[in-house]
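The following paragraphs lead through the structure shown here, from a single helix to the contacts between domains and chains.

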Amino acid sequence: MSSSTPHAATGATDAEAAEGRVYTAGGEDWDEIVAAAQSEDFESGERMVINMGPQHPSTHGVLRLVLTLEGETVAEVRPAIGYLHTGIEKNMEYRTWTQGVTFCTRADYLMPIFNETAYCLAVERLLGIEDKVPERAQIIRVLLMEINRISSHLGGIAPMGLELGATTIYTQGARWRERTLDLLELITGLRMNHAFIRPGGVSQDLPPGALDAIRAFLDSSQPLVRRLHALIDANPIFVGRNKGIAYLDLQGCMALGVTGPILRATGLPWDLRKAQPYCGYETYDFEVPTVDTCDAYGRYLLRMNEIDESMKIMGQCVDRLAARGAGGPEKDPVMIRDAKIGWPAALSLGPDGLGPSPEHIAHIMGQSMEALIHHFKIITEGFRVPAGQAYAAIESPRGELGAHVVSDGDTRPYRVHLRDPSFTHLQSVAAMCEGGMVADLIPAIASLDPVMGGVDR
Amino acid sequence: MSEPEQPPKASAEETHGSEAPQGPRVGSGEQAQSDEAAGGGADGDLPVRLGQERLNAPVVRTGMFGIHGTPDTSGFGLLRVHRAPLLDSPRPYGSYFDVVADALGRALQADGLGFSDAIEHVVVDRGELTFYVRRERLPQVATKLRDDPELRFELCTGVSGVHYPEEVGRELHAVYHMLSITHNRRVRLEVSVPDADPHVPSLVGVYPTCNWHERETWDFFGIIFDGHPSLTRIEMPDDWKGHPQRKDYPLGGIPVEYRGARIPPPEDRRHYS
């Protein structure tokens, strides 16, 4: 078959002999493929193998799906990943324990706070300081995680609409999500890649006005929740495209290692915040919502319900922080009181960016030689972590996020492995979609809410 | 500016963490012996005995502040830091660990296997239970962990690798984390294989979720999972050479310019450990 257009080209003759006819479609130039599919020598029942991605707007990043189609039915789907592999785990072996936070936060970039917390909890277990992390730091961690859970869930729900062509769902969701990012920016200074949670606590206390901003967010979110529910819940197109789609029951979830909203959408109330509490989650009052539909629509509803629960937890964090009053390195610290582990300097914002506070600089440069030595040592070399290994798992917006951290007693991690839920969940695409229509693939993947940064790391 | 990554020769016997120490392991036999000595002798021997035990322990580090093979006038260069290796943890393990170990022992016995036929040793460290499994018994142990009503580890959260080049004969470790939702328990399985024969039986038949995780561990460490349906690279390109997460694989990187200064790649930078 010869090519007459510059965009479409036939494959190599070798491939033709070995695999059948090969077409390459670029842009919107599908004429040749359509013509071939309509031609008489395209027997009915012949299979078509199509590469969906790695550049495809509905694949949440650089995900490539190799589809084998029989007409419009998906006979086989194989996800191919690795396009966003950045060697985060390897890089962490070459930095200090504290610097590792700046790497793992970039893994799943929609839930940076969770990556940081999982890693820090594992490091703290290795150090044996789990009980010594100040309570104020734990409350701030919970607060940030719940803000991040809302932003991540909205980052899952909004594109669910967009990928079905419903831009209004996207813009409404993204608008609300923007407010959560504003909160994160106010508290950590950045919308993503925060590197805010550190081994031993958090890098800074909340800035002035943060509690008021969170209260304002919580108060003004109710209309947004109602609006999103009203827009989506009974939307005939959204319901039609999502109900009964991407079915995965409890047995399938167990076999495929699927956790998080997908597991809870089968009716099992499994949430690590309740089952194996960390950061003091056992002291907060919240529910674990479930639905029992096992489908994409159920996962949407579940995420919306989880947003409500997250806001409940946020409210409790704000109340606790308000009751504690203003913090301070002496009175109510946010970093462990252990000079051999905790970051030595209180950070403050200067004209040239964030750095050690002027008081700390005056102390080390003008008053204490020992303090200067200590500062130099702990910032260049970092702290040592006793040899051993630890696995810390937390309930991320997507499911169980585990950090397997190994130390050989050095100032740098010997090995860090992030057990990312997106990576595990993408495996289940075949179980959910094979035998279904190709159009259902899009809502199925959207309901998994995979983030390729976490998948490929 | 670059400093050699390799540890000094003096610390070649260093061990890593909770991994089995190489060289003569101070096993349960020796432990019992010293217990006897303690029981028979006066308490006055205790400091001497403890001191000797510490000196017998492997050296984890020599020198301080990253002194690597250079003449050192501070005196710290001769410092030898010993660390007692983590051994077979003695019973009782505490928490739910005894229940799990007993149940696994019973389940294996039903197959005519003794506990030690399948499990090399057990380590309880930092509130986590690790079974070091003999590799040929891995699928059997995993099946028991999944199916036995007293164990019911329904969920495998995947496998990752760790490379310990210093542990001759057991360089590559595959580490599995299991979760039981029924009993709300966790357990870790660890399998170690020599670099020269990096074969581990695949667990895809027991836990299908291990499929991608095993591919990733093959990709990054070169551990071959026998019986995997299609053990191909998953993160690196198909034609990639080498296994990047191994310790003998360099980080790579190029120097970059930042504000007029030339910053070498991370592995060529000076480090202080």
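A residue counts as buried if 20 or more other C-beta atoms lie within 10 Å of its own, and as exposed if 12 or fewer do. The model under discussion is predicted.

With that criterion, helix H7 of chain A can be considered from both sides. On the face of H7(A) turned away from its buried side are the exposed residues Thr167(A), Thr168(A) and Glu178(A). The buried residues of H7(A) are Ile169(A), Gln172(A), Gly173(A), Trp176(A), Arg177(A), Thr180(A), Leu183(A), Leu184(A), Ile187(A) and Thr188(A). Viewed down the axis of H7(A), these buried residues fall within an arc of 145 degrees, and therefore line one face of the helix. Their packing partners are helix H6 (135-162) and helix H8 (210-232) of chain A.

Just after H7(A), Gly189(A) adopts a positive phi of about 95 degrees.

At the level of domains, chain A is divided into domain 1 (9-80) and domain 2 (88-342 + 383-456). The C-alpha centres of these two domains of chain A lie 36 Å apart. Their contact takes 16 residues from domain 1 of chain A and 16 residues from domain 2 of chain A. On the domain 1 side, strand S4 (64-70) and strand S5 (73-80) of chain A each supply at least two residues. S5(A) gives the most to this side, with seven residues. The residues of domain 1 that touch domain 2 in chain A divide into eight nonpolar, five polar and three charged.

Chain B has 273 residues, of which 34% are buried. Its secondary structure comes to six helices and 11 strands. Of the contacts in chain B between residues at least 6 apart in sequence, 57% join residues at least 24 apart.

Finally, the two chains meet in a contact that takes 43 residues from chain A and 36 residues from chain B. Several elements of chain A each supply at least two residues to the side that touches chain B, among them helix H5 (112-127), helix H10 (250-256) and strand S10 (388-396). S11(A) gives the most to that side of chain A, with five residues. By residue class, the side of chain A that touches chain B divides into 14 nonpolar, 18 polar and 11 charged residues.

Technical notes: Residues numbered from 1 in each chain as written. Chains lettered and ligands numbered in written order. Predicted model: local features only at pLDDT ≥ 70, side-chain atom pairs only at ≥ 80, totals over all residues. Helix = DSSP H or I, 4+ residues; strand = E, 2+ residues; numbered from the N terminus. Arc of directions from axis to C-beta. Contact = placed C-beta atoms within 7 Å. Nonpolar A, V, L, I, M, F, W, Y, C, P; charged D, E, K, R; others polar. Domains from an automatic or database assignment.
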